[in-house]
Amino acid sequence: MKQRAKVLVLTGYGLNCDIETAHACEQAGARADRVHINDVISGAANLSDYQMIVFIGGFSWGDDHGAGVIQAVRMKKHAGDRIATFVEDGNLVLGICNGFQTIVNMGLLPGFDNDYQTRATALTYNDCGNFRDDWVHLAIDSESPCVFTRGMTHVELPIRHGEGKLVAAEETLSRLKQNRQVVCRYASSDGSAANGRFPENPNGSMDDIAGICDPTGRIFGLMPHPEAYNHPTNHPDWSRRKEDLPPAAGLQIFKNAVDYMSR
Amino acid sequence: MPHRLEIALKPELLDAEGRQVKKKAAAYFNMDITSVRCVHILTIDKDFSAAQCRVIKDDIFTNPVTQFSSYGPLDIDFDWCVWVGYRPGVKDNPGETAVEAIEDVTGETFASGESVYTSLRYCISSDKMNIDDARLIAEELLSNDIIQQVRVFSAAQWNRQEGVGIVIPKVMLDHVPTVTTIPIDTDETVRKVSDERNLALNENDIPVIRAYFNDPGVKTEREKAGLSDPTDVEIEYISQARSDHCNHNTFQGRFVYRDRTTGQTEEIDNLFKTYIQSPTLALAEKKDWVVSVLWDNAGVGRFDADHYYVITGETHNSPSNMEAYGGAITGIVGVYRDPLGTGKGSKLVMGSYGYCVGERNYTGELKPRLHPRRLLDGVIEGVRDGGNKSGIPTPFGQVIFHPGYMGKCLVFVTALGIMPSLVNGAPAEQKTTSPGELIVMCGGRVGKDGIHGVTASSESFSENTPAGHVQIGDPYTQKKMHDFLLEARDEGLIQYITDNGGGGLSSSIGETARFSGGCHVHLEKVPLKYEGLDQWEIWVSESQERMTVAIRPDDEQRFMALSEKHAVESTVIGTYTDSGKLHITYNDTPCAYVNMDLLTRGFPQWVFEAEWIDPEDRGLYEPVLSEPSDYATLLCDMMARPNICAKEWIARQYDHEVQGGSVIKPLVGKYRDVNSDAAVLRPVLTSEKGLVFSQAVIPFYSAIDAWHMTACTIDEAVRRLLAVGGNFEHIGGVDNFCWPNIQYDPAKNPDGKFKAAQLVRSCRAMAGICGQWEIPLLSGKDSMYVDGHLPGAYGEHHKVSALETLQFSVTGVIEDIKKCVTMEVKRPGDLVYILGETRNELGASEYYERFGYTGRNVPRVDAVSFIPLYKAVNQIVNDALAASIHGIYRGGLGVHLALCAVGGDLGISLDLSRVPAAGTLSNDALLFSESAGRFIVTVRPENKDAFEAIFRGLPCACAGTVTEERILDISAIDKYPLCSVPVADLRYAWKKPFGDLL
């Protein structure tokens, strides 16, 4: 019998979406361990036991000096080499919200030309000037190499952040687009581009970008929370359409990851 | 040499933080600002080499994509520059995480006294502002002098090399810790000491304290321990334990209640025992889901066979009134420690808020410390950061505006947790301490924080004395501790756990040592934020984010290893004993040696005179008011009233979905913009069961009678819970009383007796209804001094007292979350039913308030007669017969019908003549009476018969239909059209007042 894919869900230092992220992985058919950042650093947890790392949502180190900044510094300094090897070995990395902010600051994204060190994109303060919790429509580029969104064209997910505005130099943006690394964009309910319009684009993100991947499609970061749509009743409209309740679409991202790991 | 690093966003990027300042300056002070750019400053008080400084700057604190930075002042143009930094000793959370990051990257450890201090510099461009304007923004928008210091520079004054200078707000006490002996030769001496030291000892407690320390037996024992007269540590211990905050002397008091109308007098010995404890214990016997009540930090009920839920509610009023952000964040983070310290520890799953403040746009003469608008902003942000950064959803809350809260605001914070029913095979709700176990303090360090609450005066501060009386909660430190303690719990390492809140170690150790029968605490082992604290200060400091844990000596190594893994500081500071003594030493110097049972005997009960005068004798009457003719405008104006209108901006800044179990969100409906009756969440992700939560605060009715205020508040909370699908047979309640001072004083509190009578009546009403509806009070708290003295126009001061206020929270278990119902109408053609009887009860209603009336016909709750209706509501949820259910609350049927239509973005056509009513009511009474016990339910036509069968014999009538056309169309009692209002107009009116706030 084939072994279940194993996922390492990072915890500690103010991260807070560990239980639901692990739950979503399990729902998708993986085995998930919640592992403290310090157990990764000390080596108590061995990355080679896993096929995917999830950098999860939360407020690591209180997000006091830019969201995900200190977590990135710490991971890069103490486990950077092992994470690089993990990526080289063909494994998956998913960064959600604070995790997205972290892997961007580590330089795992955008990962142009096999460079997984350089910070070329940033996630900064929402234009609205505040933390915001709302559901958004995402239009997914089905041509993207991203393995997490295969077969998906559209999904609704919650966002919950104060620093989700993606910023990059013009040149970086055009490379991202050219490589089809822009995986998902904030959109209107009919799937058309949000074009920066609030609240469809909740943070003023350049080009409505909500999530990007590396050129291999194995590293994916996004601001919305797929793990928070793990049950049909998570959707804000569920009580309005009880007769034909759609399945929890956030899980599809984890199922795609599991499919890829079990390939 | 210290280094000052300045960091800012690149000029081409929008500075959202700066834009908020600009927006607020325009909205609050009508000030015309072109732009504001923010510069974040880190003042690193430690030597680093040039190479290290570069690493710190580039590798940690500067984002190459978005930011630029420099160790010199950044060259950003301004007309005015406002610098804001903390005062010494104020918790600087970003400063602490900066230390962590710098230590990690450089490998160097910050020595004691070395630190990082954060501050902010606002570069304001405006050619319209003068120095007074700049100062106004600095003081009334950007800083609060209790915790912060400011400097204002004009462009001309600015020194491009020096910038703001190097400001190091380091605490330097230069004081040798000293234990002081307190003389007790006469009552007068003790009274004097109490005044000097700000102990607030009760007059009647003084002889009891003296008698104890003068007892020959006690004296002999104390001599052996090296002590004679009481020490300041001991007196402080007694003072805090006897305080109303810790000991609830008011609720434990004896009330002599006289009804002036009937002339009858009766005595109530102990409100708590009479109206809360005994009814709840009786119900706990009856309701098998009640697991643990009335002794622990929070109440415990059964969620399922393997899990218990935990609930409690708190207020944090006085500190929030002084420093809104700091007070509120400390409040929410603090209440989260209660479930964490319940049983052997619970995981936090939810928080809620209730804010009562003065009118947001107050323009009158009184000068509160913080304008209500600013206070509300700060409170909202404090709870936002406290909840969001703790990773705990905040899916419910309410705001009440009333001039009575200008004297002191109310900040209610409620917390729910979940724990496994068994920990290591033993019942999770049970715990005790045993002799030989170690006393461990976990989490934050101890400073001069919160000593003697907020009485310290700000005038006496020097540059380096800590501003300790107002705190800033630290959710980051607490979240780490939360995760650590739950892991330790699951390994069976925790024998007892409780939080350090009011009274600090004095309270947490004093209470936990009662189980083992004694303790020996080594105060010198307590980790301090800075040196120089006296022993008594260490003992009673209320520094936040700390838990006290009892562990077995054999578990020490494992416990400490886990603590280290989670980067949490834990320290063994003593041992539990069975000596019968609270024994405290500091490097072998005796500090305290008193009997454990000292506090539980001999102290006299407080006594209150209560005098009730009924509304008629107080001169209240119904207004003489004819029916309006323009109902359309009236309805829109009602929707726009501050206590009715939309407050979406608050709910959206609170993470209400973290932990992945959101079922019913705070905002529902087609456009997700209308308030839900209650919140439902799935605390155990593998289960289809839900936890429902709601709360109500309707203080307005206290203007007529706090009895009915209480009854209506409980009724509203319960109906909110029922509306989404909560089970009437399983409701746990939490009472939070906030009352003005009830101690009569002919000059200072002339209506004290009346307010005392209101409290007695409120407690009676609560006991009555909770008894009839079988709601055990799982937890509760009281805050008894909601008064303030505000300066007026001519240097005079006015005492402003809050309305007698009760927040009542309810929770329960939902068997199948998929049966939950939301409030918005769902489909055209659905039938609209009104459940419950509308009576002529406009007293203290929103409608009367619109015209400045109070009236007398306050809504009444007929608890017993409501029961069949409430059970029938359960039945229709269970049988899936209701498309929508919504309670009728403040504002009455008109307002709530409108909300159902706005939520569904559909129309409703309603015939007022068919609404169940007591007698013949006028149209305005039918639309705006706030009678209790009512719902609006919509039902699909095919379910009509099944639905009506359930309500046979109950006040229920089909009074209208849901329409495709988005119009609220109401016909009058005489069947003529009364009004026809587009739903879009109702939505616009409802959202307009606070619509542009984000």
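**Strands, sheets and a shared contact**

Me: What makes strand β6 (residues 132-140) of chain A and β7(A) a pair, and in which sense do they run?
Reply: Two strands count as paired once there are at least two bridges between them. β6(A) and β7(A) have 8 bridges, so the label holds, and the sense is antiparallel. If you want a spot to look at, Ala139(A) stands opposite His154(A) in β7(A). Bear in mind that this is a predicted model.

Me: Which strands of chain A stand at the edges of the sheet, and why do they count as edges?
Reply: Walk along the order first: β2-β1-β3-β4-β11-β10-β9-β6-β7 of chain A, 9 strands in an open sheet with mixed pairing. β2 (31-36) and β7 (154-161) of chain A each have a single partner strand, so one side of each has no neighbour in the sheet. On average, neighbouring strands here are turned by 25 degrees against each other, direction ignored.

Me: How do you know which way β3(A) and β4(A) run, and what joins them?
Reply: They are joined by 4 bridges and run parallel. Ile53(A) stands opposite Val93(A) in β4(A).

Me: Why is strand β4 (residues 92-96) of chain A called largely enclosed?
Reply: A residue is buried when 20 or more other C-beta atoms lie within 10 Å of its own. In β4(A), 5 of the 5 residues are buried, so the rest of the structure largely encloses the strand. Both faces are covered, too: Leu92(A), Leu94(A) and Ile96(A) are buried on one side, and Val93(A) and Gly95(A) on the other. Across chain A, 63% of the 263 residues count as buried.

Me: What does helix α1 (residues 18-27) of chain A lie across?
Reply: It lies across β1 (6-11), β2 and β3 (52-55) of chain A, and runs at about 170 degrees to β1(A). That's one of the 6 helices of chain A, which also has 11 strands.

Me: How do you know whether the radius of gyration of chain A agrees with a compact globule?
Reply: For 263 residues, a compact globule would come out near 18 Å, and chain A has 17 Å, so the two agree. The C-alpha atoms fill a box of roughly 45 × 45 × 35 Å along the principal axes. As for contacts between residues at least 6 apart in sequence, 74% of those in chain A join residues at least 24 apart.

Me: What makes up the side of chain A that touches chain B?
Reply: The contact takes 52 residues from chain A and 54 from chain B. On the chain A side, α1, α2 (37-42), α3 (69-88), β5 (121-124), β6, β7 and β8 (165-168) each supply at least two residues. The largest share, 5 residues, comes from α3(A). By type, that side of chain A divides into 18 nonpolar, 21 polar and 13 charged residues.

Me: Which are the edge strands in the sheet of chain B, and what makes them edges?
Reply: Here 6 strands form an open sheet in the order β25-β28-β29-β34-β30-β31 (chain B), with mixed pairing. β25 (662-664) and β31 (777-783) of chain B pair on one side only, which makes them the edge strands. Strand β30 (residues 732-738) of chain B and β31(B) share 6 bridges in the parallel sense, with Phe737(B) opposite Asp782(B).

Notes: Residues are numbered from 1 along each chain as its sequence is written. Chains are lettered from A and ligands numbered from 1 in the order in which they are written. This is a predicted model: local features need pLDDT of at least 70, side-chain atom pairs count only at pLDDT 80 or more; totals for chains, interfaces and linings use all residues. Axes are lines fitted to C-alpha atoms, for helices over the stretch in contact, and angles run from 0 to 180 degrees between N-to-C directions. Two residues are in contact if their C-beta atoms, placed from the backbone, lie within 7 Å. The radius of gyration is taken over C-alpha atoms; the globule rule is 2.2 Å times the number of residues to the power 0.38. A residue is buried if 20 or more other C-beta atoms lie within 10 Å of its own, exposed if 12 or fewer, and partly exposed in between; C-beta atoms are placed from the backbone. Ala, Val, Leu, Ile, Met, Phe, Trp, Tyr, Cys and Pro count as nonpolar, Asp, Glu, Lys and Arg as charged, and the others, Gly among them, as polar.
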